[in-house]
Amino acid sequence: MKRNIKIYENPILYLIILMIGVGTVMMYSASSTLGVNIHDKYNFYLNRHLVRLFISIIVFIFIYNINFKIYNNFSKHILILSWVIMLSAYLLNDGTPTKRWLIIFGKNIFTTSDFARIALIIFTASFIENNKKKINNINFLIRKFIPYFAITLLLIFFQPDLSTTFAIAIIITTMLLIAGLEIKKLAIPIITCICIVGIKVFNTPFQLKRFTDWFVGNYNMQTENSIQALGNGGILGVGIGRSIIKNGFMPEVHTDFILPIIGEEIGFIGIIFIFILYLALYFYGVHVCKSAPDIFSSMLSMGITLNIVYYFLINASYVVGLFPTTGLPIPFISYGGSQLLFSCMSIAMLMNISKYINIYKYKSL
(Lines give C-alpha, C1' and ligand atoms only; values in the text may rest on other atoms or scores of the structure.)
Protein backbone atom coordinates (compact mmCIF):
# COMPACT_ATOMS: atom_id res chain seq x y z
CA MET A 1 0.00 0.00 0.00
CA LYS A 2 1.35 3.41 -0.94
CA ARG A 3 1.89 6.10 1.67
CA ASN A 4 2.78 9.76 1.60
CA ILE A 5 6.56 10.03 1.79
CA LYS A 6 8.29 12.41 4.16
CA ILE A 7 10.37 15.24 2.79
CA TYR A 8 13.62 13.71 4.07
CA GLU A 9 12.82 10.48 2.20
CA ASN A 10 12.62 12.24 -1.14
CA PRO A 11 15.72 11.83 -3.33
CA ILE A 12 14.89 15.06 -5.18
CA LEU A 13 15.62 17.03 -2.00
CA TYR A 14 19.18 15.71 -1.82
CA LEU A 15 19.77 16.35 -5.51
CA ILE A 16 18.74 19.98 -5.09
CA ILE A 17 20.85 20.40 -1.94
CA LEU A 18 23.83 19.02 -3.85
CA MET A 19 23.20 21.33 -6.81
CA ILE A 20 22.87 24.38 -4.57
CA GLY A 21 25.97 23.36 -2.60
CA VAL A 22 28.10 22.93 -5.72
CA GLY A 23 26.64 26.10 -7.18
CA THR A 24 27.39 28.15 -4.06
CA VAL A 25 31.02 27.02 -3.93
CA MET A 26 31.60 27.60 -7.64
CA MET A 27 29.68 30.88 -7.66
CA TYR A 28 31.89 32.18 -4.84
CA SER A 29 35.01 31.11 -6.69
CA ALA A 30 33.81 32.65 -9.96
CA SER A 31 32.67 35.93 -8.37
CA SER A 32 35.49 36.58 -5.91
CA THR A 33 37.67 38.57 -8.31
CA LEU A 34 34.69 40.56 -9.56
CA GLY A 35 33.62 41.23 -5.99
CA VAL A 36 36.95 42.61 -4.87
CA ASN A 37 37.44 44.67 -8.03
CA ILE A 38 34.03 46.34 -7.95
CA HIS A 39 32.97 46.22 -4.29
CA ASP A 40 36.32 45.68 -2.50
CA LYS A 41 34.98 42.43 -0.98
CA TYR A 42 35.81 38.92 -2.10
CA ASN A 43 32.60 37.60 -0.57
CA PHE A 44 30.28 40.40 -1.77
CA TYR A 45 28.30 38.17 -4.13
CA LEU A 46 28.47 35.20 -1.77
CA ASN A 47 26.83 37.22 1.01
CA ARG A 48 24.06 38.40 -1.30
CA HIS A 49 23.60 34.85 -2.57
CA LEU A 50 23.24 33.45 0.95
CA VAL A 51 20.57 36.03 1.81
CA ARG A 52 18.63 35.11 -1.33
CA LEU A 53 19.12 31.42 -0.61
CA PHE A 54 17.64 31.90 2.86
CA ILE A 55 14.58 33.64 1.37
CA SER A 56 14.25 30.90 -1.26
CA ILE A 57 14.32 28.19 1.41
CA ILE A 58 11.52 29.92 3.33
CA VAL A 59 9.46 30.16 0.12
CA PHE A 60 10.29 26.51 -0.68
CA ILE A 61 8.94 25.34 2.69
CA PHE A 62 5.78 27.41 2.22
CA ILE A 63 5.08 26.15 -1.33
CA TYR A 64 5.93 22.56 -0.40
CA ASN A 65 3.10 22.57 2.12
CA ILE A 66 0.48 23.82 -0.37
CA ASN A 67 -1.52 21.04 -2.00
CA PHE A 68 -0.82 21.07 -5.74
CA LYS A 69 -4.57 20.91 -6.54
CA ILE A 70 -4.98 24.58 -5.65
CA TYR A 71 -2.90 25.58 -8.67
CA ASN A 72 -5.32 23.76 -10.95
CA ASN A 73 -8.28 25.62 -9.48
CA PHE A 74 -6.64 29.03 -9.96
CA SER A 75 -4.44 28.42 -13.01
CA LYS A 76 -6.00 31.17 -15.13
CA HIS A 77 -5.87 33.65 -12.23
CA ILE A 78 -2.17 32.88 -11.67
CA LEU A 79 -1.41 33.45 -15.36
CA ILE A 80 -3.32 36.75 -15.46
CA LEU A 81 -1.48 37.83 -12.30
CA SER A 82 1.79 37.19 -14.16
CA TRP A 83 0.57 39.54 -16.93
CA VAL A 84 -0.21 42.24 -14.37
CA ILE A 85 3.27 41.86 -12.88
CA MET A 86 4.93 42.05 -16.31
CA LEU A 87 2.88 45.12 -17.23
CA SER A 88 3.89 46.67 -13.91
CA ALA A 89 7.52 46.20 -14.91
CA TYR A 90 6.83 48.11 -18.13
CA LEU A 91 5.26 50.96 -16.16
CA LEU A 92 7.73 51.11 -13.26
CA ASN A 93 10.97 50.81 -15.24
CA ASP A 94 10.96 54.27 -16.79
CA GLY A 95 14.27 55.24 -18.33
CA THR A 96 15.68 51.71 -18.54
CA PRO A 97 16.21 49.97 -21.91
CA THR A 98 14.75 46.66 -20.69
CA LYS A 99 11.57 45.93 -18.72
CA ARG A 100 12.48 42.55 -17.28
CA TRP A 101 12.59 43.37 -13.58
CA LEU A 102 9.82 44.22 -11.17
CA ILE A 103 11.29 47.26 -9.42
CA ILE A 104 9.73 48.54 -6.18
CA PHE A 105 11.22 51.49 -4.31
CA GLY A 106 14.30 51.27 -6.50
CA LYS A 107 14.96 47.60 -5.68
CA ASN A 108 14.97 44.77 -8.21
CA ILE A 109 12.50 42.30 -6.71
CA PHE A 110 12.55 39.54 -9.35
CA THR A 111 12.60 38.90 -13.08
CA THR A 112 8.97 38.98 -14.17
CA SER A 113 9.43 36.34 -16.87
CA ASP A 114 10.47 33.81 -14.20
CA PHE A 115 7.06 34.06 -12.59
CA ALA A 116 5.32 34.08 -15.99
CA ARG A 117 7.15 30.89 -16.97
CA ILE A 118 5.88 28.99 -13.93
CA ALA A 119 2.39 30.48 -14.37
CA LEU A 120 2.20 29.37 -18.02
CA ILE A 121 3.36 25.85 -17.12
CA ILE A 122 0.60 25.64 -14.51
CA PHE A 123 -1.99 27.00 -16.96
CA THR A 124 -0.91 24.55 -19.67
CA ALA A 125 -1.08 21.59 -17.29
CA SER A 126 -4.59 22.63 -16.25
CA PHE A 127 -5.65 23.15 -19.88
CA ILE A 128 -4.40 19.68 -20.83
CA GLU A 129 -6.29 18.02 -17.98
CA ASN A 130 -9.54 19.79 -18.80
CA ASN A 131 -9.28 19.45 -22.59
CA LYS A 132 -7.11 16.43 -23.35
CA LYS A 133 -9.64 14.97 -25.79
CA LYS A 134 -9.68 18.26 -27.75
CA ILE A 135 -5.90 18.72 -27.83
CA ASN A 136 -5.82 18.19 -31.62
CA ASN A 137 -8.79 20.41 -32.39
CA ILE A 138 -6.94 23.37 -33.88
CA ASN A 139 -9.97 25.68 -33.76
CA PHE A 140 -10.44 24.90 -30.09
CA LEU A 141 -6.73 25.55 -29.40
CA ILE A 142 -6.90 28.89 -31.21
CA ARG A 143 -9.88 29.98 -29.11
CA LYS A 144 -9.01 28.56 -25.69
CA PHE A 145 -5.24 28.26 -25.45
CA ILE A 146 -3.29 30.19 -28.07
CA PRO A 147 -4.42 33.66 -26.86
CA TYR A 148 -3.12 33.03 -23.33
CA PHE A 149 0.09 31.49 -24.68
CA ALA A 150 0.64 34.31 -27.18
CA ILE A 151 -0.04 37.16 -24.74
CA THR A 152 2.43 35.72 -22.24
CA LEU A 153 5.17 35.24 -24.82
CA LEU A 154 4.64 38.65 -26.41
CA LEU A 155 4.88 40.43 -23.06
CA ILE A 156 8.24 38.71 -22.51
CA PHE A 157 9.35 39.10 -26.12
CA PHE A 158 9.02 42.90 -26.04
CA GLN A 159 10.79 43.38 -22.68
CA PRO A 160 12.91 42.49 -24.75
CA ASP A 161 13.88 38.93 -23.80
CA LEU A 162 14.11 36.78 -26.90
CA SER A 163 16.01 33.93 -25.24
CA THR A 164 13.46 33.46 -22.45
CA THR A 165 10.63 33.65 -25.00
CA PHE A 166 12.29 30.89 -27.01
CA ALA A 167 12.91 28.71 -23.93
CA ILE A 168 9.32 29.01 -22.69
CA ALA A 169 7.95 28.25 -26.15
CA ILE A 170 10.01 25.05 -26.29
CA ILE A 171 8.89 23.97 -22.80
CA ILE A 172 5.19 24.51 -23.50
CA THR A 173 5.38 22.93 -26.96
CA THR A 174 7.02 19.84 -25.47
CA MET A 175 4.27 19.59 -22.84
CA LEU A 176 1.60 19.72 -25.55
CA LEU A 177 3.37 17.09 -27.66
CA ILE A 178 3.66 14.78 -24.64
CA ALA A 179 -0.06 15.32 -24.03
CA GLY A 180 -0.79 14.03 -27.54
CA LEU A 181 -0.76 17.08 -29.81
CA GLU A 182 0.08 16.01 -33.36
CA ILE A 183 3.25 17.71 -34.54
CA LYS A 184 1.70 18.63 -37.92
CA LYS A 185 -0.74 20.90 -36.07
CA LEU A 186 2.23 23.07 -35.08
CA ALA A 187 3.22 24.00 -38.64
CA ILE A 188 1.28 27.28 -38.87
CA PRO A 189 2.11 28.48 -35.31
CA ILE A 190 5.81 27.71 -35.84
CA ILE A 191 5.92 29.55 -39.19
CA THR A 192 4.12 32.52 -37.62
CA CYS A 193 6.56 32.62 -34.70
CA ILE A 194 9.57 32.39 -37.01
CA CYS A 195 8.27 35.35 -39.02
CA ILE A 196 7.65 37.46 -35.91
CA VAL A 197 11.06 36.62 -34.43
CA GLY A 198 12.76 37.23 -37.77
CA ILE A 199 11.22 40.69 -38.11
CA LYS A 200 12.18 41.55 -34.53
CA VAL A 201 15.76 40.30 -34.91
CA PHE A 202 16.30 42.16 -38.20
CA ASN A 203 15.11 45.35 -36.54
CA THR A 204 17.30 44.92 -33.45
CA PRO A 205 20.96 45.46 -34.43
CA PHE A 206 22.63 43.72 -31.46
CA GLN A 207 20.39 40.63 -31.81
CA LEU A 208 20.98 40.51 -35.56
CA LYS A 209 24.75 40.74 -35.10
CA ARG A 210 24.70 38.05 -32.40
CA PHE A 211 22.72 35.71 -34.64
CA THR A 212 24.73 36.32 -37.83
CA ASP A 213 28.05 35.97 -36.00
CA TRP A 214 26.91 32.65 -34.57
CA PHE A 215 25.54 31.47 -37.92
CA VAL A 216 28.86 32.02 -39.73
CA GLY A 217 30.87 30.58 -36.85
CA ASN A 218 32.32 33.92 -35.75
CA TYR A 219 32.19 33.40 -31.98
CA ASN A 220 32.05 36.40 -29.68
CA MET A 221 34.59 37.01 -26.92
CA GLN A 222 32.48 35.26 -24.29
CA THR A 223 32.17 32.05 -26.30
CA GLU A 224 35.85 32.03 -27.32
CA ASN A 225 37.01 32.53 -23.73
CA SER A 226 34.46 30.00 -22.54
CA ILE A 227 35.87 27.33 -24.86
CA GLN A 228 39.39 28.30 -23.80
CA ALA A 229 38.46 27.95 -20.13
CA LEU A 230 37.07 24.47 -20.73
CA GLY A 231 40.28 23.58 -22.57
CA ASN A 232 42.42 24.94 -19.73
CA GLY A 233 40.62 22.71 -17.27
CA GLY A 234 41.34 19.46 -19.07
CA ILE A 235 40.20 16.31 -17.29
CA LEU A 236 40.75 17.24 -13.63
CA GLY A 237 40.81 21.05 -13.70
CA VAL A 238 43.31 23.58 -12.39
CA GLY A 239 41.80 23.64 -8.90
CA ILE A 240 39.00 25.57 -7.21
CA GLY A 241 39.79 29.28 -7.07
CA ARG A 242 42.56 29.06 -9.70
CA SER A 243 40.65 29.99 -12.84
CA ILE A 244 42.49 32.35 -15.17
CA ILE A 245 39.54 33.30 -17.38
CA LYS A 246 37.51 34.72 -14.49
CA ASN A 247 40.14 37.41 -13.88
CA GLY A 248 38.64 40.00 -16.19
CA PHE A 249 38.74 37.98 -19.42
CA MET A 250 35.01 37.17 -19.53
CA PRO A 251 31.95 38.97 -18.11
CA GLU A 252 29.08 37.24 -16.30
CA VAL A 253 31.34 34.45 -15.04
CA HIS A 254 29.20 33.99 -11.93
CA THR A 255 25.85 34.02 -13.78
CA ASP A 256 25.40 33.07 -17.43
CA PHE A 257 28.94 31.77 -17.95
CA ILE A 258 29.60 29.92 -14.71
CA LEU A 259 29.81 26.53 -16.46
CA PRO A 260 33.17 27.30 -18.16
CA ILE A 261 34.59 28.30 -14.76
CA ILE A 262 33.40 24.97 -13.35
CA GLY A 263 35.08 23.23 -16.29
CA GLU A 264 38.30 25.17 -15.83
CA GLU A 265 38.55 24.67 -12.08
CA ILE A 266 37.29 21.10 -11.62
CA GLY A 267 37.72 19.86 -15.16
CA PHE A 268 35.78 17.59 -17.47
CA ILE A 269 35.02 15.37 -14.48
CA GLY A 270 33.24 18.30 -12.84
CA ILE A 271 31.19 19.01 -15.97
CA ILE A 272 30.17 15.34 -16.19
CA PHE A 273 29.16 15.43 -12.52
CA ILE A 274 26.91 18.46 -13.17
CA PHE A 275 25.32 16.69 -16.14
CA ILE A 276 24.69 13.59 -14.00
CA LEU A 277 22.89 15.71 -11.40
CA TYR A 278 20.51 17.18 -13.97
CA LEU A 279 20.05 13.81 -15.67
CA ALA A 280 19.10 12.30 -12.31
CA LEU A 281 16.66 15.14 -11.69
CA TYR A 282 15.14 14.51 -15.12
CA PHE A 283 14.60 10.81 -14.38
CA TYR A 284 13.06 11.53 -10.98
CA GLY A 285 10.84 14.18 -12.55
CA VAL A 286 9.68 11.71 -15.22
CA HIS A 287 8.98 9.16 -12.49
CA VAL A 288 6.80 11.65 -10.65
CA CYS A 289 5.08 12.50 -13.94
CA LYS A 290 4.31 8.85 -14.69
CA SER A 291 3.15 8.07 -11.15
CA ALA A 292 1.22 11.28 -10.43
CA PRO A 293 -2.38 10.91 -9.23
CA ASP A 294 -4.02 12.87 -12.08
CA ILE A 295 -3.35 14.44 -15.46
CA PHE A 296 -2.83 17.95 -14.06
CA SER A 297 -0.15 16.90 -11.57
CA SER A 298 1.44 14.65 -14.19
CA MET A 299 1.76 17.45 -16.73
CA LEU A 300 2.80 19.97 -14.08
CA SER A 301 5.57 17.60 -12.97
CA MET A 302 6.73 17.23 -16.56
CA GLY A 303 6.64 20.98 -17.19
CA ILE A 304 8.66 21.76 -14.06
CA THR A 305 11.23 19.09 -14.93
CA LEU A 306 11.56 20.28 -18.52
CA ASN A 307 11.86 23.87 -17.33
CA ILE A 308 14.92 23.15 -15.21
CA VAL A 309 16.59 20.65 -17.54
CA TYR A 310 16.03 22.72 -20.70
CA TYR A 311 17.54 25.80 -19.08
CA PHE A 312 20.61 23.81 -18.13
CA LEU A 313 20.96 22.30 -21.63
CA ILE A 314 20.49 25.65 -23.37
CA ASN A 315 23.15 27.22 -21.14
CA ALA A 316 25.54 24.33 -21.74
CA SER A 317 24.94 24.64 -25.50
CA TYR A 318 25.62 28.34 -25.88
CA VAL A 319 28.77 28.40 -23.76
CA VAL A 320 30.39 26.11 -26.35
CA GLY A 321 28.90 27.89 -29.35
CA LEU A 322 26.17 25.41 -30.33
CA PHE A 323 23.54 28.14 -29.77
CA PRO A 324 23.86 31.91 -29.98
CA THR A 325 24.62 33.49 -26.61
CA THR A 326 21.28 33.80 -24.82
CA GLY A 327 21.98 34.81 -21.23
CA LEU A 328 19.92 32.08 -19.55
CA PRO A 329 21.25 31.04 -16.13
CA ILE A 330 21.72 27.50 -14.83
CA PRO A 331 19.02 26.76 -12.24
CA PHE A 332 20.41 26.34 -8.69
CA ILE A 333 24.01 26.99 -9.80
CA SER A 334 24.24 30.42 -11.43
CA TYR A 335 24.20 33.55 -9.26
CA GLY A 336 20.84 35.28 -9.26
CA GLY A 337 18.12 35.64 -6.67
CA SER A 338 15.23 35.48 -9.13
CA GLN A 339 16.23 32.22 -10.78
CA LEU A 340 17.01 30.65 -7.40
CA LEU A 341 13.69 31.76 -5.91
CA PHE A 342 11.52 30.45 -8.73
CA SER A 343 13.60 27.30 -9.18
CA CYS A 344 13.01 26.51 -5.50
CA MET A 345 9.32 27.31 -5.90
CA SER A 346 8.94 24.96 -8.84
CA ILE A 347 10.84 22.14 -7.15
CA ALA A 348 8.64 22.58 -4.07
CA MET A 349 5.60 22.03 -6.32
CA LEU A 350 7.22 18.92 -7.81
CA MET A 351 8.03 17.53 -4.37
CA ASN A 352 4.53 18.30 -3.13
CA ILE A 353 3.17 16.13 -5.94
CA SER A 354 5.73 13.42 -5.16
CA LYS A 355 4.39 13.21 -1.58
CA TYR A 356 1.44 11.31 -3.00
CA ILE A 357 3.42 8.58 -4.71
CA ASN A 358 6.00 6.08 -3.53
CA ILE A 359 8.95 7.72 -5.27
CA TYR A 360 11.48 5.16 -4.11
CA LYS A 361 9.81 2.36 -6.10
CA TYR A 362 11.98 2.55 -9.20
CA LYS A 363 10.20 0.00 -11.42
CA SER A 364 8.86 2.69 -13.72
CA LEU A 365 12.25 4.36 -14.23
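## Basis of the model

The model is predicted: local features need pLDDT of at least 70, side-chain atom pairs count only at pLDDT 80 or more, and totals for chains, interfaces and linings use all residues. Residues are numbered from 1 along each chain as its sequence is written, and side-chain values use heavy atoms, with hydrogens and water left out.

## Helices H5 and H14

Two packed helices are described by the angle between their axes and the distance between the axes. Helix H5 spans residues 112–131 and helix H14 spans residues 337–354. Helices (H or I, at least four residues) are DSSP runs, numbered from the N terminus. The axes of H5 and H14 come within 9 Å and cross at roughly 20°. Axes here are lines fitted to C-alpha atoms over the stretch in contact, and angles run from 0 to 180 degrees between N-to-C directions. H5 and H14 are therefore roughly parallel to each other (angles under 35 degrees count as such). The crossing of H5 past H14 is right-handed, a term used if the near helix is turned clockwise from the far one by less than a right angle.

H5 makes the contact through Asp-114, Phe-115, Ile-118 and Ile-122. H14 supplies Ser-338, Gln-339, Phe-342, Ser-346 and Met-349. Contact means heavy atoms within 4.5 Å. The residues of this contact divide into five nonpolar, three polar and one charged. In this scheme Ala, Val, Leu, Ile, Met, Phe, Trp, Tyr, Cys and Pro are nonpolar, Asp, Glu, Lys and Arg are charged, and the others, Gly among them, are polar.

## Salt bridges

The whole structure holds four salt bridges (a side-chain nitrogen of Lys or Arg within 4 Å of a carboxyl oxygen of Asp or Glu). One of them pairs Glu-265 with Lys-246, with the closest N and O atoms 3.5 Å apart. Glu-265 lies in helix H12 (residues 258–291), and Lys-246 lies in the loop between helix H11 (221–233) and H12, so the pair ties together parts that are 19 residues apart in sequence. Glu-265 is buried, at 1% relative accessible area. Lys-246 is also buried, at 6%. Buried means under 20% relative accessible area, exposed over 50%, and partly exposed in between (1.4 Å probe, protein chains only).

The closest N and O atoms are 3.8 Å apart for Lys-184 and Glu-182, and 3.9 Å apart for Lys-185 and Glu-182. Lys-184 is exposed, at 61%. Glu-182 is partly exposed, at 34%. Lys-185 is partly exposed, at 24%.

Thr-124 sits in helix H5. Thr-124 is buried, with 0% relative accessibility. Not counting residues up to four places away in sequence, Thr-124 touches Phe-145, Ile-172, Met-175 and Leu-176.

Val-319 sits in the loop between helix H13 (295–318) and H14. Val-319 is buried, at 1% relative accessibility. Leaving aside neighbours within four places in sequence, Val-319 is in contact with Thr-223, Ser-226, Ile-227, Asp-256, Phe-257, Leu-259 and Pro-260. Val-319 and Ser-243 are 76 residues apart in sequence and 16 Å apart in space, C-alpha to C-alpha.

Terms used: Helix = DSSP H or I, 4+ residues; strand = E, 2+ residues; numbered from the N terminus. Parallel < 35°, antiparallel > 145°, perpendicular 65-115°, else oblique.
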